[in-house]
Every structure is written in C-alpha cells, then in structure tokens.
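Here are some short notes on charged side chains. Keep the structure open as you read.

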Amino acid sequence: MGTGRMLRVYREYWRINILTTLEYRANFLVWFAFTFVYHGSALAALWIMLARFPSMNGWDFRQMAFLYALWMVAHALHNTFFSSVSDVPDHVRDGEFDRLLVRPLDTLFQTIATPGQVFPDELILALATFVAACIYSGVRIDLVFVLFVPLIAIGGALIDLAMNLAISTTAIWFVRVDALRWIVAQLEQEFTRYPLGIYSRAVRILLTFVCPFAFINYFPATYFLGKTDGALGLPPVVGLLTPAIGIVFVALAYAFWRFGLDRYQSVGH
Amino acid sequence: MTGSLPRRRFRLAPYVALASRAMAREATYRFDVFGSVASVLVRLYLLKMVWSALYAHNVSPAQLPLHAIITYSAVALLMGLVMDIDQTRALHDRLHDGTIATDFLKPISVPLGFFADGTGEVLFHAALIVPALVLSLLFVHIDLPSAATLAVFALSFVLGYLVGFWINFILNCSAFWTLEVSGVQLIVTWLTDLLGGEIIPLVIFPLALQKIVFVLPFAAMFSTPLLIYVGVIPPAGWAAALGVQLVWVLVLGGVATLLWRAGAHRIVVQGG
C-alpha cells in the first residue's frame with residue numbers, strides 16, 4: 001500500500017470531519033462547554049487543595065498547574081487524532097471489525113481514520129491552558145523548552161496511543177475490556193495530576209515503566225521546572241526522553257496488535 | 001389527557017414489580033459491576049495518597065485529622081456507588097423516543113413509576129457497597145462512629161439521596177422542552193462531585209467559597225451526611241442539618257412537580 005494513497009485517504013477523512021464540525025456548530029459549543037467544565041473542575045479541585053495546604057511533595061499550585069497543562073496538551077492531541085482506536089472492542093463485538101480486515105488498507109490506519117464527529121475543542125483549550133500555565137508558573141522558556149515541548153507533547157500522545165492500542169488489542173481475546181480500560185484511564189487521567197512521589201513504590205514503577213504515563217508530564221515538568229525527582233531518584237534530564245519512550249511503546253503496542261490480528265477469530269455473526 | 005384522568009386507588013404492587021424488574025435488569029451488567037467496585041478501590045488509593053501527602057508537609061486542620069479525612073473519602077466513594085446513578089434517566093430516554101405516550105396510558109402514576117424503577121436500580125447498586133467496603137478495609141482504616149451517629153448518618157444519607165433524585169428528575173424533565181439534556185447532565189455531575197463535597201470536604205474550601213457552596217443544594221447530597229459521619233457536625237447540630245436537607249427535598253420536589261405538570265401538559269398540546 002502506497003504511503004501517498006494513505007495520505008490522500010487521511011486528508012479526505014479530515015475534510016469529512018471538518019465539514020461535520022461545521023455542520024453541527026451547536027454541538028461544537030456543547031462539547032466545548034463540556035471540556036471546559038471537565039478541565040476547569042479538575043484544576044479547581046487542585047487549587048482548593050493547595051489553597052488550604054500550600055504544597056504537595058514540594059510542588060505548589062503554580063507548578064501543579066504546569067504539570068496539568070502539559071498532560072492536557074498530550075491528552076488532547078491523542079483524543080483529537082487517535083481516540084477512535086478505543087472503538088475497536090465495539091467493532092469486534094458487533095462484527096464490524098471483520099469488514100475492516102477485508103479492505104485493502106492497513107487495519108489500524110482504517111481504525112484511526114474512521115470518520116466521526118471529531119471536534120478540535122479540547123486541543124484548542126489545551127493549547128490556551130498551556131500558554132497560560134507557562135506564564136503563571138514562571139517556567140524558564142529557553143531553546144531546549146521551545147524545541148522539546150512539541151516533541152514531548154507528541155511523545156505523550158504516543159504513550160496514550162500505545163496504551164489505548166494495547167487495551168483494544170486485548171479485546172481480540174476478551175471482547176469486553178471496559179473494566180481494564182477504565183482502570184488505565186484512571187491512571188492516565190487522575191494519577192497524572194499529582195507528583196509521582198506521593199504514590200507507593202510499586203505504583204511509581206508501574207507509572208514509569210509499565211504504563212509510562214509519568215513521562216507524559218511528571219518527568220518533563222520536573223526537568224523544566226528545575227526540580228529534583230523525589231520519586232525514583234532519576235536524573236531530571238530523563239524528562240526529555242518522552243518522545244523516545246512514546247515511539248518505543250507504540251512500536252511494542254503495534255507488535256502486540258499484529259500478534260493479535262494473526263490470532264483474531266470473529267465473534268461470529 | 002392528564003387533567004381528565006380519574007383518581008385511582010393507590011396500589012403498591014405495580015411499583016414493587018417495577019423496582020424488582022429494574023434490579024434484575026441491572027444484574028445482567030456484570031462487567032459494569034466489576035468496574036464499579038474497581039473504580040472505588042483505585043480512587044480510594046489515590047485519595048489516600050493525595051491526603052497523606054498534603055498532611056505530611058503542612059499543618060493539619062483541627063476539625064479533620066488525617067484518619068478522619070480518609071474515612072470521609074472512603075465513605076464518600078461508597079455513597080457515590082448509589083448517589084452517582086441517574087435514576088430517572090429512563091424519563092429522558094422515553095421522552096426522546098416518544099414511548100412516554102404509552103406510559104401515560106398505564107394505570108399508574110408516571111413519576112412514581114420512575115421513582116420505583118430508579119429505586120430498584122439503586123438498591124441493586126447498594127448491594128455493591130458490601131464487597132467494595134470489605135476490599136476497601138484491606139488498605140485503609142475507616143473510623144466507625146457511635147450507633148447514634150450511624151443512625152443519623154443513614155437518615156441524612158436517605159435525605160441526600162432524595163435531593164439527588166429530584167435534581168436528576170428536574171434535569172430529565174427539561175427534556176420536555178429541549179429533548180437533549182445529556183450534555184448539561186454530565187456538567188452537573190462533575191459540578192456536584194466538587195460542590196457537593198464528594199471529592200474534597202467543603203470545610204477545606206477557602207472561607208469565601210464555603211459561604212457559597214454551603215447554601216447550594218449539592219451540599220445536602222454528600223457533605224451533610226459525611227460531616228455527620230466524621231463528627232464535624234456535632235449532635236447539637238444534627239437537627240438543623242437534617243432540617244436544611246428536608247427543606248431542599250421539599251423545595252426541589254415542588255419545582256420538579258411543577259415542571260412535570262407543565263411538561264405533561266405540553267405533551268398533550270403537541271398531540272403525540
């Protein structure tokens with residue numbers, strides 16, 4: 001399959017998404033309000049905690065706002081470009097997955113490029129929040145920052161994608177994976193709001209090496225804010241490894257996905 | 001149609017049947033059950049770690065020492081198994097697909113029917129509290145108050161449940177006019193978690209914010225029973241606390257009834 005053809009299909013896919021968004025402008029506003037309240041209440045909860053208790057493991061509210069904003073950008077990137085990967089279990093269950101398999105395009109690519117109503121609302125909000133958090137936290141903005149932040153955001157989105165893909169692949173054997181997905185979503189969305197050092201050692205290792213969500217925001221924020229890692233005693237510069245970690249984990253998840261595809265047996269419809 | 005309905009003798013049997021059918025329906029979703037219990041445990045672990053870290057490096061508030069706030073969080077999460085259910089979702093769904101019309105033909109009170117259905121669903125989920133509690137006790141210590149406090153807590157919990165029921169009912173009733181409420185509902189759920197004191201006790205909030213959150217109905221859902229449980233509301237304050245909850249039940253129930261009547265009337269106007 002030529003890369004050129006894939007690019008043409010992908011461009012067409014985005015054209016459909018954007019047309020859909022323009023068609024449902026009221027929905028766009030509702031989703032925007034949604035996203036705003038979700039992230040707003042999460043930040044408000046952090047603010048309330050840190051108004052009463054000035055610091056958490058040596059992190060104050062300004063630094064935690066930066067931690068949150070960094071996660072938000074990666075998370076929003078993933079949701080905008082790869083969220084349809086989490087539909088695989090549904091496709092397996094209702095037999096739709098069989099149709100993807102017989103088409104002359106890569107199955108994962110088809111999954112990612114399935115048109116839906118993809119609104120860029122979260123990404124817009126995430127970028128705005130990130131800019132605000134950079135100013136508010138007083139993080140030092142130098143050449144390394146400017147060069148690495150986009151790469152780290154993409155690397156973070158790839159980490160999300162890798163975990164999403166791995167869970168979706170398990171659906172090939174187990175069909176219903178809601179509970180597993182839910183627990184991993186908790187680790188990704190809620191555990192990343194706090195410095196890694198507050199957790200017990202097993203959870204720190206889990207979030208660093210198994211589900212490496214700490215590389216989405218904790219390690220990069222530790223580096224950029226000039227803090228020391230009190231969780232695993234790693235040198236702060238590991239925070240710049242996020243893009244590499246993202247690529248490695250996506251490769252592993254993709255290998256697992258291929259392994260699963262080879263063993264796929266339809267639920268039989 | 002609603003105006004001309006003849007008054008019927010009230011019979012309990014149909015509502016009991018509705019409630020037990022709802023319980024059977026919920027029992028078929030085994031995977032969701034596992035997810036609910038797992039969610040309580042994961043969140044409980046998170047909250048324990050968060051509060052422990054905050055208390056470790058700061059002066060702890062006199063009202064709520066660490067063991068009290070962990071107890072608070074654990075009980076809040078267990079309450080959430082019951083409170084976070086939208087019992088009257090069926091109302092919205094049936095308005096959406098039009099099947100509400102046949103409900104009006106049934107020889108039962110429609111709002112009471114939804115209440116029975118929702119209560120069945122809630123009772124099933126309440127059964128989850130037992131395994132969730134047992135597993136929670138494996139890694140946190142939950143303080144047990146006196147029998148009298150527990151009894152008042154239970155009463156306050158029921159009143160909180162009714163406040164939540166009416167808030168959901170009002171939101172679902174708005175489907176009479178807008179037909180799409182799920183967006184608003186999700187927003188209200190997130191706000192309730194925060195403003196009702198499910199995640200963070202309201203007494204931890206900055207003082208200026210406390211003045212606002214304590215007069216909102218959300219405080220009557222989670223905060224009041226929980227503060228009774230951990231003893232922040234002492235026995236001398238029980239009557240007043242329950243009284244405020246009761247006022248909210250009556251006020252919101254009144255608003256819901258008015259909305260229901262206006263909405264049901266409107267359905268007749270539309271002609272179905």
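1. Start with A:Asp142. This residue is partly exposed, at a relative accessible area of 26%. Bear in mind that the model is predicted.

2. Now its partner. A:Arg140 makes a salt bridge with A:Asp142, and their closest N and O atoms are 3.0 Å apart. A:Arg140 counts as exposed, because its relative accessibility is 63% and exposed means over 50%.

3. Next, a pair that joins two chains. A:Glu190 sits in the loop between helix H9 (178-189) and helix H10 (201-210) of chain A, while B:Arg43 belongs to helix H2 (residues 30-56) of chain B, so this pair links two chains. The two residues form a salt bridge, with 3.4 Å between the closest N and O atoms.

4. Is A:Glu190 buried or exposed? A:Glu190 is buried: its relative accessible area is 14%, and the cut-off for buried is under 20%.

5. Turn to helix H1 (residues 3-23) of chain A. Both A:Glu12 and A:Arg15 lie there, three residues apart, which is about one turn of the helix. A salt bridge connects A:Glu12 and A:Arg15, with the closest N and O atoms 3.1 Å apart.

6. A:Glu12 has 36% relative accessibility and counts as partly exposed. A:Arg15 is also partly exposed, with a relative accessible area of 45%.

Technical notes:
Residues numbered from 1 in each chain as written. Chains lettered and ligands numbered in written order. Predicted model: local features only at pLDDT ≥ 70, side-chain atom pairs only at ≥ 80, totals over all residues. Heavy atoms only, no water. Salt bridge = Lys/Arg side-chain N within 4 Å of Asp/Glu carboxyl O. Helix = DSSP H or I, 4+ residues; strand = E, 2+ residues; numbered from the N terminus. Buried < 20%, exposed > 50% of the residue type's maximum accessible area, 1.4 Å probe, protein only.
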